[in-house]
Amino acid sequence: MIPASTQQMQTHKDDSRCSEPLKTHIQNSRELLVESMYNIAPLLDHMIATHLLTEDNYYDVIAENTPKNKVRKLLEVVQHQMDEDKALHFLDCLKKCRKDYPRLRDWLNTDPSISRGPTEQRLRAQFSELCSRLGYLVLPLSLQLFSGEVLSQFEVDQVQACPTPFLQSQKLLSLCLARGEAACQRFYQALHSQDSFLATAIDECTNSAAALEAFQPFSDASVVTRCSVAVEETNPLGDQILNLTLKTEYGEEIELPTEEKDVLRQVIEQLGVAPDSRMTLNVCELGTVLGLPRQVVRECLLELESIEDLPQLAALVHCFLEKTRDPARLLSKLAACHTKSTCAW
């Protein structure tokens, strides 16, 4: 049984958090502050000049061996040794040297008394899933947010400078979260305009494991049956794909990796068609339904020497995987289209 004194202390602690929105705001933004305040000297000078920082605190902070550890130490002082009034003065000092911390410009303009809106909470909940699945969409999303004046050119450059799509996505989402509810709403509007199927899939499932489970390629027994019959009536599907080489009108030959051929096989089986010259698919329309820009799909198909279904479908799969590196995403989007009967093959 918990002693009454302990319960009172816990209640008092919770009440203090509710009554200290500034300190809570600073604590919630700890990661952003640590990453952005790479030179803490200007801030320390302002804090000493306003008698906000004691001499002991100053030497404790500068005694840390890295810039990030110095910021962490200073934030500990703010959280444990300052009240709300001093926390407000801390923010004032930070605003006075905002030119030294350009990454905090928008954060300093936010109102810490405003709680997180539903769209911001949604983005935080889907953060990991979005980082894993945005892929090539990061650039068009960044440019759309820039054109809508959500991001600055400097921030778009920061996103593009990240070495991998995952880190680019992480940077983009962090920038949107730092701007609050309105920026998060604009992000989802941009995502729906760029790839409505991905946006819907992430809404329906906030982790990749559940998404893959929901869109298993072979969950529909009738599709598998139709595929089996089609394969028996024509040349063996495995041999056709195994020997497949894409030839362009310029004489170039593209040898598909084994992994891509395996994905192509699953795509054909999901579609329930026989990959021969008598079967006609609207591959261009399929590509746009899967989220690729129509112009990209057209260029991909026009470069091929053959107009038969199998090479064109293989080229589409190659193009999608070249841009996203995400076979599971291709199969899940295809399964979603097939299940909802939104595409006429």
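Start by selecting Glu-129 and Arg-133 in this predicted model: their side chains meet in a salt bridge, 2.8 Å from N to O. Both residues sit in helix 10, 4 residues apart, or about one turn of the helix. Colour by accessibility and you will find Glu-129 buried, along with Arg-133. The structure holds 6 salt bridges, so there are others to visit, because side chains of opposite charge can pair when their charged atoms come close.

Next, bring up helix 13, residues 165–179. Its 15 residues reach 21 Å from first C-alpha to last, close to the 21 Å expected at 1.5 Å a residue. Show its buried residues, among them Gln-168, Lys-171, Leu-175, Cys-176 and Arg-179.

Now move to helix 5 (residues 55–62) and helix 6 (residues 67–81), whose axes come within 8 Å and cross at roughly 145°. Select Asn-57, Asp-60, Val-61 and Ile-62 in helix 5; they meet Lys-70, Lys-73, Leu-74, Val-77 and Gln-81 in helix 6. By class, this contact has 4 nonpolar, 2 polar and 3 charged residues.

Stay on Lys-73, which also forms a salt bridge with Glu-76, the closest N and O atoms being 3.9 Å apart. Lys-73 is partly exposed at 25% relative accessible area, and Glu-76 is partly exposed at 35%.

Finish in helix 19 (residues 258–271) with Asp-262 and Arg-265, 3 residues apart. Their salt bridge has its closest N and O atoms 3.2 Å apart.

How values were computed:
Residues are numbered from 1 along each chain as its sequence is written. This is a predicted model: local features need pLDDT of at least 70, side-chain atom pairs count only at pLDDT 80 or more; totals for chains, interfaces and linings use all residues. Side-chain values use heavy atoms; hydrogens and water are left out. Axes are lines fitted to C-alpha atoms, for helices over the stretch in contact, and angles run from 0 to 180 degrees between N-to-C directions. Helices (H or I, at least four residues) and strands (E, at least two) are DSSP runs, numbered from the N terminus. Contact means heavy atoms within 4.5 Å. Ala, Val, Leu, Ile, Met, Phe, Trp, Tyr, Cys and Pro count as nonpolar, Asp, Glu, Lys and Arg as charged, and the others, Gly among them, as polar. The expected span of a helix is 1.5 Å times one less than its number of residues. Buried means under 20% relative accessible area, exposed over 50%, partly exposed in between (1.4 Å probe, protein chains only). A salt bridge is a side-chain nitrogen of Lys or Arg within 4 Å of a carboxyl oxygen of Asp or Glu.
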